[in-house]
Amino acid sequence: MAVRLEITLKDHLIDPEGEGIRKKARAYFGIDAERIRSVAILTIDAALSGGELERIRQEVFTNPVTQLSSYRPLAQACDWVIWVGLRPGVRDNPGATAVEAIEDVLGRRLGAGEAVYTSKRYCIQGPRLTRQEVETIAGQLLGLIGKL
C-alpha cells in the first residue's frame, strides 16, 4: 500500500524555493503573493513495515534541525495550493535516488513493482490573488499545462 511522506522546512526558516517563486511572480508578472512555502512529497509504493517507514523518515529524508516531516498531511497556512508532479512515463530521477537511499538504509532491495514517486506542493498565501494569477504562477513559473 502506498504512503505519502511530506517534508517541509520549519516555519521560522525562509523557504528559498518558495521565496524565489514569490519574487519571480512579482518581478515578471506583478503578482503579489504574501508567502509561498514548498512541501516535498514522496509517495512510497512499497511493502514496508511501520518501523521501516519511521526509520527512513528519520534517517534518510528529514533533517531534524531544519525540517518537519510526517506521513500525515502537514498543515500549511495558505489560500491556494498548486501540486506539481511528473506525467506518467517521465523518469523520476529523485524518486529513483530515494529508492537507492531506502535500500541502503534498510540493507535490502525493494521488490519488483515497488517504487517511490516525487511531487511538490506549493502553499500560497495571498487572499487577494485571483485564480488567473495563480494559474499564471502555475503555468509560467512551475511549468504546468492546462487549467487549475
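## Contacts and overall layout

Residues 24 or more positions apart account for 80% of the contacts in the protein with a separation of 6 or more, where contact means heavy atoms within 4.5 Å. The model is predicted: local features need pLDDT of at least 70, side-chain atom pairs count only at pLDDT 80 or more, and totals for chains, interfaces and linings use all residues. Residues are numbered from 1 along each chain as its sequence is written, and side-chain values use heavy atoms, with hydrogens and water left out.

The protein has four helices and five strands. Helices (H or I, at least four residues) and strands (E, at least two) are DSSP runs, numbered from the N terminus. Their order along the sequence is β-α-β-α-β-β-α-β-α. The C-alpha trace spans about 50 × 35 × 20 Å along its principal axes. Of the 148 residues, 37% count as buried; buried means under 20% relative accessible area, exposed over 50%, and partly exposed in between (1.4 Å probe, protein chains only).

## Helices α1 and α4

Helix α1 covers residues 16–29 and helix α4 residues 131–141; they pack at an angle of about 100 degrees, with their axes 11 Å apart. Axes are lines fitted to C-alpha atoms, for helices over the stretch in contact, and angles run from 0 to 180 degrees between N-to-C directions. The two helices are therefore roughly perpendicular to each other. On that scale, angles under 35 degrees count as roughly parallel, over 145 as roughly antiparallel, 65 to 115 as roughly perpendicular and the rest as oblique.

On the α1 side, I21, K24, A25, Y28 and F29 make the contact, and on the α4 side T136, I137, Q140 and L141. By class, this contact has six nonpolar, two polar and one charged residues. Ala, Val, Leu, Ile, Met, Phe, Trp, Tyr, Cys and Pro count as nonpolar, Asp, Glu, Lys and Arg as charged, and the others, Gly among them, as polar.

## The aromatic pair

One aromatic pair is found in a search of the whole structure. Y28 and F29 form this pair, which is edge-to-face, with 6.1 Å from centre to centre and 85 degrees between the planes. Rings of Phe, Tyr and Trp (its six-membered ring) pair if their centres lie within 6.5 Å; planes under 30 degrees apart count as stacked, over 60 as edge-to-face and the rest as tilted.

Y28 counts as exposed because its relative accessibility is 54%. F29, at 35%, counts as partly exposed.

## Helices α2 and α3

Helix α2 (residues 50–61) packs against helix α3 (residues 93–106) at an angle of about 110 degrees, and their axes are 10 Å apart. That angle makes α2 roughly perpendicular to α3.

The residues in contact are E52, R55, I56, E59, V60 and F61 of α2, together with A98, A101, I102, V105 and L106 of α3. By class, eight are nonpolar, none polar and three charged.

R108 lies in the loop between α3 and β5 (115–125). With a relative accessible area of 31%, R108 is partly exposed. Leaving aside its neighbours within four places in sequence, R108 is in contact with A47, L48, E52 and E103. One of these, E52, also belongs to the contact of α2 with α3.

W83 is placed in strand β4 (residues 80–85). Its relative accessible area is 42%, so W83 is partly exposed. W83 and E54 are 29 residues apart in sequence and 24 Å apart in space, C-alpha to C-alpha.
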